[in-house]
Amino acid sequence: MIGKSLVSINDYTKDEYLKILDLAAKYEKQPKQTILQGYVVATLFYEPSTRTRLSFESAVNQLGGKIIGFSDTGTTSVTKGETLRDTIKIVSNYSDLIVIRHPLEGSARFASEVASVPVVNAGDGANQHPTQTLLDMYSIRKTQGTLDGLNIFMVGDLKYGRTVHSLLMAMSQFKTTFHFISPEELKMPDKYKQHLNDLGLKYHEHKDFTDIISEADILYMTRVQKERFSDPIEYEKVKNVYILKNHMLENTKDSLKVLHPFPRVNEITEDVDENTKAYYFTQALNGVYTRQAIVTSILDLN
Amino acid sequence: MKDRKQLSVSAIKDGTVIDHIPVKSLFKVIAILGLDHIENMMTFGTNLESKKLGLKGIMKLSEVFFKEEDLNRIALVAPDAKVNIIRDYEVVEKRLVEIPEKVEGIVKCVNPVCITNNEDIRTKFELVSRNPVGLKCHYCEKITDANNMVIISSS
Ligand SMILES: [Zn+2]
């Protein structure tokens, strides 16, 4: 992965994932270092995503690196019509690595071809967000002690949710059993189910969010958004079905952890936050260590 | 000889004859091969009767020869096309076309929020299925299939 851009979760092999996760564990033990001293990382955020940007910037700052970039295209030459190509070429001269978030799909792949430095995709529209997947995997491995043979339940919007698709692709390399809980309109697309069939992996689909979660090792919650429904009545019918409440965790495994990619709206009630099975705040923190591992691996500093 | 008879309509001395083009693809083939930019003598026929296609298109291109990889690009819109290479009024070579594994700069990505539809970028696809045709965008990773394939005319 040295010098290699990270655009899609499929760009890295299983071994490379595991190396990143091992390194992230090291950074968790010692997140403040000077290993990035003298390095400049550009964070180019063409759309606001405060959490992701702060996570990257915290990761780099804690290792002694410097950040340049923008978080709002309203104040830059981008609004004057500068092409992505030109911006990337210019920023390549100023930095050792570029982190890009862009609303257009494929923008990060294109940036990685134009840039003379490695590029890390921090989200290109609905397409890919590989650092989220790696931090999800880190959180799963850390809490379960393994990535193999787990029961992963995905809940909510499984049709449009890019985080669940990427996580499915990555975890399909680890003998995972998947359970999909979603409204009819937001079911897991066939191409992902076909992928699991091809690998001989089991999956189960459910419409009701009930005590079937008693077998879960990981409960991965996502938001069901109103704008995804063609029929607003359908949304009204299901909007309260895919909400996790504290009492629903009563008969679940002691080792169960609840994950969520954030931001949360109402799909996990606040009484869950105090439950030891709630892991989503720590999951967000794990993003810092995972991104430290990614940036330093690509720059070959470990 | 069958080929003789067919070619006698407007025989060419040297060049390329492309037969069995679906009628709706004739102009796409012209665009893919960039024929609108060359000055050779060319004959295009369309809505001709064909046992196989019902109606078909045909083109006879005088003094025009293609590299195999260039010809293969027309397989995207004319998978059953038959190509005859003519030298001195004789068919010296017959070819079928085959969709290449990598398709660059011919097809528009179906995804409106793909970077290639918003900035001046040469499209790139990987062939993921032959029949029906499925092309995976190198950038946005979405599939463009035969039903929504738009050809970018060369210029
Ligand atoms: Zn595309």
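This is a predicted model: local features need pLDDT of at least 70, side-chain atom pairs count only at pLDDT 80 or more; totals for chains, interfaces and linings use all residues.
## The parallel sheet of chain A

Chain A holds an open sheet of five strands. The strand order is 7-6-5-8-9, and the pairing is parallel. Strand 7 (203-206) and strand 9 (257-259) stand at the edges. Each has a single partner strand, so one side of each is left without a neighbour in the sheet. On average, neighbouring strands are turned by 20° against each other, direction ignored.

Strand 5 (residues 151-155) and strand 6 (residues 177-181) of chain A pair in the parallel sense. Five bridges join them. In one of these pairings, A:Asn151 has A:Thr177 of strand 6 as its bridge partner.

## Helices on the sheet

Helix 6 of chain A lies across strand 5, strand 6 and strand 8 (218-221). The helix runs at about 165° to strand 5. Helix 7 (residues 190-199) of chain A also packs on the sheet. Helix 7 touches strand 6 and strand 7, and its direction makes about 150° with that of strand 7.

How many residues of helix 6 (residues 162-171) of chain A are buried? Nine of the ten are, so the helix is largely enclosed by the rest of the structure. The buried set runs from A:Arg162, A:Thr163, A:Val164, A:His165 and A:Ser166 to A:Leu167, A:Leu168, A:Ala170 and A:Met171.

## Helix 2 of chain B

Helix 2 of chain B is also largely enclosed by the rest of the structure, because six of its eight residues are buried. Those residues are B:Leu26, B:Val29, B:Ile30, B:Ala31, B:Ile32 and B:Leu33.

What do they pack against? Their partners are strand 1 (15-22), strand 2 (42-50), strand 3 (54-62), helix 3 (68-72) and strand 11 (150-151) of chain B. B:Gly34 follows the helix, with a positive phi near 70°.

## Nonpolar cores

The largest nonpolar core has 58 residues. Within this core, A:Ile98, B:Ile18 and B:Leu76 touch the most other members. Helix 2 (residues 26-33) of chain B supplies the largest share, six residues.

A second, separate core holds 51 residues. Among them are A:Val41, A:Ala122, A:Phe180 and A:Leu299.

## The interface between the chains

Chain B and chain A each give 14 residues to their contact. Between them they bury about 1,200 Å², with 46% of that on carbon and sulfur atoms.

Two salt bridges are counted between the chains. B:Lys124 and A:Glu113 also meet through their side chains in a salt bridge, at 3.5 Å from N to O.

## Salt bridges within the chains

Over all chains, the count is 23 salt bridges. A:Asp157 pairs with A:Arg228, with the closest N and O atoms 3.7 Å apart. A:Asp157 lies in the loop between strand 5 and helix 6, and A:Arg228 in the loop between strand 8 and helix 8 (232-238), so the pair ties together parts that are 71 residues apart in sequence. Are the two partners buried or exposed? A:Asp157 is buried, with a relative accessible area of 3%. A:Arg228 counts as partly exposed, at 32%.

In chain B, B:Asp19 forms a salt bridge with B:Lys56. Their closest N and O atoms are 3.0 Å apart. This pair links strand 1 with strand 3, across 37 residues. Both B:Asp19 and B:Lys56 are buried.

B:Glu93 and B:Arg95 form another salt bridge, at 3.0 Å from N to O. B:Glu93 counts as partly exposed, at 35% relative accessibility. In chain A, salt bridges that share partners join A:Asp190, A:Lys193 and A:Glu205 into one network.

Conventions: Residues are numbered from 1 along each chain as its sequence is written. Chains are lettered from A and ligands numbered from 1 in the order in which they are written. Side-chain values use heavy atoms; hydrogens and water are left out. Buried means under 20% relative accessible area, exposed over 50%, partly exposed in between (1.4 Å probe, protein chains only). Helices (H or I, at least four residues) and strands (E, at least two) are DSSP runs, numbered from the N terminus. A nonpolar core is a set of buried Ala, Val, Leu, Ile, Met, Phe, Trp, Tyr and Cys residues joined through side-chain atoms within 4.5 Å. Two strands pair if DSSP finds at least two bridges between them. Axes are lines fitted to C-alpha atoms, for helices over the stretch in contact, and angles run from 0 to 180 degrees between N-to-C directions. Contact means heavy atoms within 4.5 Å. Buried area is the accessible area (1.4 Å probe) that two parts lose on being put together, summed over both. A salt bridge is a side-chain nitrogen of Lys or Arg within 4 Å of a carboxyl oxygen of Asp or Glu.
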